[in-house]
Amino acid sequence: MRETFNIRQLEAFRAVIKHGAVSRAADSLYITQSAVSKLIAALEEQTGLTLFERSSGRLQPTSDALKLFDQSDRVFSELSGLSRKVQQLKNNGSRSFAIGFLPALASQYSAEICRIFRQEHPDIELSLVIGNTPAIKEMLINRKLDVGVVATPIDHPSFTAEPILSSSLVLILPQGHPLADQEGVHARDLDGLDFVDYNPDDHCSALQTKLFGQFGSTPRFTINGTTASVVINLVAAGFGAGLVHPASAHWRRPDLCIKPFYPKTPISYYFCHDNQPHNAELIQYLRHCMQRVHNHVFHSEKEAPCCGEQTQFEE
C-alpha cells in the first residue's frame, strides 16, 4: 500500500501548474528547484499517477494532473478558511468579516456601507478588499473573503451569486458635452459621437455593440477600458461618452453628467458568497446595507443627482 501524500507535495504540484515552470514554482514557495522536483516525484510515486510530461523542455500537466488540481481547490480553500479561524482565536476570538468590492464601487458608496455595517456590528473586525472580478472570485474560492460583489456571476458549485443593485445603464458625459442638456439620451443620439468602450472580450462591449446595431447607431470608439472605473475616468478625461451602472457613475465622479439612457438596458452586480456560510446574519446585513445606500439615492422620489450634484447622507 502506497504511503499517503502530504500537503507540501500538493503545494509544489499546484505551484508548478500555476506558474508553468519548476523554477517559478520554487521561487513562489521559497525553496530550491530540486526540492520542488523531489516533492513532485514523491507525489507521483505515492498516487501512482503520471502528473507531468516533458515537452520541448517544459513540463506539461497530464489530464490526471488537471483533474487533481481541480479536486485540490476545495482542500486549499478550507485550509485558507482554517487559517482565518486560527487568526481570530489569536485575536481573543473576535469575529472578522472580509468584503471584496470592484474598483467602480470603491468610493463614498463602499465607505458608507462600511459605516452603517459597523454601527450595527461594532465588535466585528471588518476588512474591505478592492479588486477586479477575476481576483475577487479567486479570493472567494480560496476563502479569503466572506462576500464578493462582482460584475458577472461566480461559476462554482460551492457558491451562490445573487443579483444586487439591479438598475438600468446610464450615460456619463463630461460637462459641456453636446448632449449634456438633454433630459435623456437614446442610442441613436450617439451616432458619430466619441464613445469609450470596454475591452473587446468584455461582456459589456458585446452588449453595447448589439445595442447600437439594433438602432443603426455607429459611435466613434476612441479608446476602451478594462473596468467601469477606467471607463469613467476616460470619460472625465474627454475621450467621449460611456455607459455604466448608475451607482458606479454617481459615487466615482460627481463632476460628470449622468443621463438616463434609452432603450432602458438592465444591469446588475452580483452578490457572491458560500452556499453554507458560517456568518449568514452578517452576509444578509451587508446585503441590506448595500441596498439601503443605493435606494437612498436612486429610488427616492426626487430625481437622481446629475451634472455635479452629489447626495449627502443623513446620520
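I started with the aromatic cluster: F97, F117 and Y285 group together as one. This is a predicted model, where local features need pLDDT of at least 70, side-chain atom pairs count only at pLDDT 80 or more, and totals for chains, interfaces and linings use all residues. Numbering runs from 1 along each chain as its sequence is written, and side-chain values use heavy atoms, with hydrogens and water left out.

I then counted aromatic pairs and got 5 in the structure. My cut-off: rings of Phe, Tyr and Trp (its six-membered ring) pair if their centres lie within 6.5 Å, with planes under 30 degrees apart called stacked, over 60 edge-to-face and the rest tilted. F117 and Y285 have ring centres 5.9 Å apart and planes at 50°, so I logged that pair as tilted. F117 sits in helix α5 and Y285 in helix α10 (residues 280-298), so the pair ties together parts 168 residues apart in sequence. Helices here are DSSP runs (H or I, at least four residues), as are strands (E, at least two), numbered from the N terminus.

Buried or exposed, for F117? I found F117 buried, at 1% relative accessibility. Y285 also counts as buried, at 17%. The scale: buried is under 20% relative accessible area, exposed over 50%, partly exposed in between (1.4 Å probe, protein chains only).

Next I looked along α5. I checked its length: at 1.5 Å a residue its 13 residues should span 18 Å, and the end C-alpha atoms are 19 Å apart, which agrees. The expected span is 1.5 Å times one less than the number of residues. I listed the buried residues of α5 as Y109, S110, E112, I113, C114, I116 and F117.

E112 made me stop. It lies in α5, residues 108-120, and is buried with a relative accessible area of 10%. What does its side chain touch? I found a polar contact with the side chain of R115, at 2.6 Å. A polar contact is a pair of N or O atoms within 3.5 Å; within protein, one must be able to donate a hydrogen and the other to accept it, and residues adjacent in sequence count only if both atoms are side-chain atoms.

Last, the whole protein. I count 10 helices and 13 strands. Of its 315 residues, 45% count as buried.
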